[in-house]
Amino acid sequence: MKILQHIWALALTVILLHTSLCPASAQTQLTPWRPGVTTEGAVYFLPKTLLRVSVLVEKTTYEPGDFSVFAQRYLRMPDVSQEPSVAYRVVDVMQTALPVADTTKAYSVRFDARTMAARVSLSDDGRLLGLNIDDAADVDEPEAFMPAERQRQVNPRQFLTEEILSCGSTAKMAELTAREIYDLRENRKLLIKGQADFMPQDGRQMQIMLDELDRQDQALSSLFVGTTVRDTTEHILWVDPQTLVASGQRQVLFRLSQMHGLVEADDLSGAPYYITVEDISQLPEPEPVEKKKGQKAVQGIYVNVPGRMRSTIYEGISTVVSDELAAPQFGQTMLLSASLFNKRYTTRLWLDALTGAVQRLDAEQPK
């Protein structure tokens with residue numbers, strides 16, 4: 001990005017020096033760009049959109065407790081697993097359209113001292129954002145996903161009594177630990193009913209005592225039911241809609257493995273997630289313009305008339321998400337006449353950074 005900015009700055013300096021020293025034509029000239037042709041103006045691109053697909057994947061890690069084999073006997077908890085496990089699942093899929101320079105729509109504008117198209121605002125990759133304006137703004141990429149802070153795990157052994165720790169067998173330890181859990185639950189019940197031997201003086205103390213009883217109960221119970229930890233990570237995938245529309249078929253976007261999480265599209269260890277993109281622009285075809293012999297090339301500033309696309313992501317045959325998004329590559333290109341930028345007007349042009357369409361155009365005659 002810094003190299004591009006340096007190139008644009010150097011080119012603009014050369015252009016301004018040449019404009020001040022050499023005579024120029026009567027109006028701003030614009031032609032399709034070819035490398036090495038334009039040395040007196042700014043080269044700009046119109047945008048096209050790429051799809052940014054954000055996939056949130058949750059990893060669930062289970063570790064059995066030390067007394068898991070006794071969960072049914074002492075706590076009446078059936079189906080407690082005694083084997084560690086790891087599982088992955090997709091919790092959310094979001095897709096966003098973001099602009100990039102369309103290299104098939106590259107143009108050059110020649111600066112002229114007698115016209116008003118002298119200040120060109122460009123993005124870092126050379127997309128046209130506006131003319132003669134000071135508040136040109138590009139599209140910001142969505143913020144990265146920030147997972148919630150993981151709760152600190154409590155060591156359940158710090159709540160084991162001396163009697164439990166001195167037991168000679170695991171079965172006896174499990175039995176006494178289960179009794180301790182039942183005592184905690186009974187104390188909590190008495191506290192709520194107001195029948196405890198030591199009642200709190202106010203509601204705040206009451207809540208503190210209840211929270212502590214719950215913390216000890218959960219910690220000791222984890223020795224039987226085990227611990228489950230969930231972590232969520234974000235994966236970013238980029239898709240070119242034109243490729244999918246050209247193929248006319250759905251393609252595998254990624255695969256999800258229960259053991260390894262998100263894997264590549266060609267990794268058959270995971271279940272496939274598909275994507276399709278449809279061109280839903282329904283714009284009329286532009287009428288061809290016949291150029292007469294000897295007629296000069298039409299001058300002006302090119303802008304987009306954007307189209308629309310529908311992007312749908314499937315898990316198997318079930319739809320996960322479907323969005324209609326802007327797609328200038330499926331639209332048309334329109335020419336704004338160079339007469340708008342003559343000295344007779346004070347002209348300012350704002351383009352939509354995502355689509356390259358006219359967002360606002362002010363052309364006022366000076367007083």
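These legends walk through close-up views of a predicted model. Local features need pLDDT of at least 70 and side-chain atom pairs count only at pLDDT 80 or more, while totals for chains, interfaces and linings use all residues. Residues are numbered from 1 along each chain as its sequence is written, and side-chain values use heavy atoms, with hydrogens and water left out.

**View 1. The largest pocket and its lining.** Welcome to the pocket, which holds about 630 Å³ of space. A pocket here is an open set of points on a 1 Å grid over the protein atoms alone, where a 1.4 Å probe fits, with protein on both sides within 12 Å along at least five of seven lines; lining residues have an atom within 4 Å of a point. The volume is the space filled by probe spheres set on the points, which are joined across faces, edges and corners. Of the 23 lining residues, Gln151, Arg152, Gln153, Val154 and Thr228 lie nearest the centre. Helix α5 (203-225) and strand β6 (227-239) each supply at least two lining residues, and α5 gives the largest share, six residues. Helices (H or I, at least four residues) and strands (E, at least two) are DSSP runs, numbered from the N terminus. By class, the lining has seven nonpolar, nine polar and seven charged residues; Ala, Val, Leu, Ile, Met, Phe, Trp, Tyr, Cys and Pro count as nonpolar, Asp, Glu, Lys and Arg as charged, and the others, Gly among them, as polar.

**View 2. Aspartate 231 and arginine 150 in a salt bridge.** Their closest N and O atoms are 2.5 Å apart; a salt bridge is a side-chain nitrogen of Lys or Arg within 4 Å of a carboxyl oxygen of Asp or Glu. Aspartate 231 lies in β6 and arginine 150 in the loop between β5 (128-131) and α3 (162-165), so the pair ties together parts that are 81 residues apart in sequence. Aspartate 231 is partly exposed at 26% relative accessibility, whereas arginine 150 is exposed at 52%. Buried means under 20% relative accessible area, exposed over 50%, and partly exposed in between (1.4 Å probe, protein chains only).

**View 3. Glutamate 58 meets arginine 89.** This salt bridge spans 2.8 Å from N to O. Because glutamate 58 sits in β2 (residues 41-63) and arginine 89 in β3 (residues 85-110), the pair links parts that are 31 residues apart in sequence. Glutamate 58 is buried at 11%, and arginine 89 is partly exposed at 46%. The count of salt bridges by this rule is 16.

**View 4. The open sheet of five strands.** The order is β8-β7-β9-β10-β11, with antiparallel pairing; two strands pair if DSSP finds at least two bridges between them. At the edges, β8 (261-263) and β11 (318-337) each pair on one side only. Zoom in on β7 (residues 251-257) and you will find three bridges joining this strand to β8. There, serine 257 stands opposite glycine 261.

**View 5. The open sheet of four strands.** Here the antiparallel order is β4-β5-β12-β13, and the edge strands β4 (120-122) and β13 (358-364) each pair on one side only. Three bridges connect β4 and β5, and serine 121 stands opposite glycine 130 in β5.
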